[in-house]
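Biologist: Can you walk me through this one? I'd like to start with the strands.

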Amino acid sequence: MAPDTGDAFKSAYVKMRMNDSANAFSSSWRITVRQLESLIRLSEALARLHCSSHVTVAHITQATKLLSKSVVRVEQADIDLDDSFDNDEVVEENKENEENMETDQDPKVDPSKLRIKYDLYKKLSEMLIRHCRADEDKLGDDYNGVAQSSLVSWYLEMIESELDSEEDYHTQKSICERVIKRLIHEDKILIELETGADPSLVVHPNYVIGDEE
């Protein structure tokens, strides 16, 4: 490879990751190290096609264009967190939790604000999962899961600068709580070690985050 190809590969990969993030709530989960490996192989193939003994920046540029067009972006439906947990099994399971929370109930959140974009759901989910995994790696054998309330509090601290009012706080708190419930009951990514008003949660041992594959 030519001397300047290393920086060209790095620049192309970073640009692809950035382009895959259409907005502040989007995740670059489609562009991973696998795509970087594909970019290198495609650049090498283009060099051979042009009877060149070295991969040049021109080959990398062309390979980047081809690879970018091949990435399929599937539009995902919005996630309606307002009615995600209406089935009898989940309602019965959370009945005790809801009764315990009645004495300290948060203000009711506008249902329209509980419908979020799939990319935001993906981003929030990965934030929570990574935090749980980081605690597990840090504590090792002493790890007993993360209390749901602690997980919610951590998330609210992370986005504190984005909260402009008390209403924003309660809206994001409700969204986070419902995302956690969805990760438990629908996605089966989080597992409750202990049930109750404030269950201890762990990430399913077989779950792999996109860019860890």
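**Strands, core and cysteines**

Modeller: Alanine 147 stands opposite serine 200 in E5. Keep in mind that this is a predicted model.

Biologist: Which strand joins E5 there, and how do the two run?

Modeller: Strand E3, residues 146-147, is joined to E5 by two bridges. They run antiparallel.

Biologist: What stands opposite serine 200 in E4?

Modeller: Glutamate 194 stands opposite serine 200. Strand E4 covers residues 190-194 and pairs with E5 over four bridges, in the antiparallel sense.

Biologist: How many residues lie between E4 and E5?

Modeller: Five, and the two strands form a hairpin. Glycine 196 sits in the turn, with a positive phi of about 130°.

Biologist: Which way do the E5 residues point? Buried or exposed?

Modeller: Ser200 and Val202 point one way. Leu201 and Val203 point the other way. All four are buried.

Biologist: On to the core. Which residues touch the most other members of the largest one?

Modeller: Ile116, Leu128, Tyr155, Val179 and Ile180 do, in a nonpolar core of 33 residues. Helices H6 (118-139), H7 (148-158) and H8 (166-185) each give two or more residues to this core, and so does strand E5 (200-203). H6 gives the most, with seven.

Biologist: What does valine 179 touch?

Modeller: Leaving out residues up to four places away in sequence, Val179 touches Leu81, Ile116, Tyr121, Leu124, Ser125 and Leu128.

Biologist: What's in the second core?

Modeller: That separate core has 11 residues, among them Phe9, Ala12, Ile60 and Leu67.

Biologist: Back to the helices. At what angle do H6 and H8 pack?

Modeller: About 80°, with their axes 10 Å apart. Angles of 65 to 115 degrees count as roughly perpendicular, so that is how H6 and H8 lie to each other.

Biologist: Which residues make the contact?

Modeller: H6 uses Tyr121, Leu124, Ser125 and Leu128. From H8 come Ile175, Cys176, Val179, Ile180, Arg182 and Leu183.

Biologist: Is cysteine 132 buried or exposed? What about cysteine 51?

Modeller: Cysteine 132 is buried, with a relative accessible area of 1%. Cysteine 51 is exposed, at 75%.

Conventions: Residues are numbered from 1 along each chain as its sequence is written. This is a predicted model: local features need pLDDT of at least 70, side-chain atom pairs count only at pLDDT 80 or more; totals for chains, interfaces and linings use all residues. Side-chain values use heavy atoms; hydrogens and water are left out. A nonpolar core is a set of buried Ala, Val, Leu, Ile, Met, Phe, Trp, Tyr and Cys residues joined through side-chain atoms within 4.5 Å. Buried means under 20% relative accessible area, exposed over 50%, partly exposed in between (1.4 Å probe, protein chains only). Contact means heavy atoms within 4.5 Å. Two strands pair if DSSP finds at least two bridges between them. Axes are lines fitted to C-alpha atoms, for helices over the stretch in contact, and angles run from 0 to 180 degrees between N-to-C directions. Angles under 35 degrees count as roughly parallel, over 145 as roughly antiparallel, 65 to 115 as roughly perpendicular and the rest as oblique.
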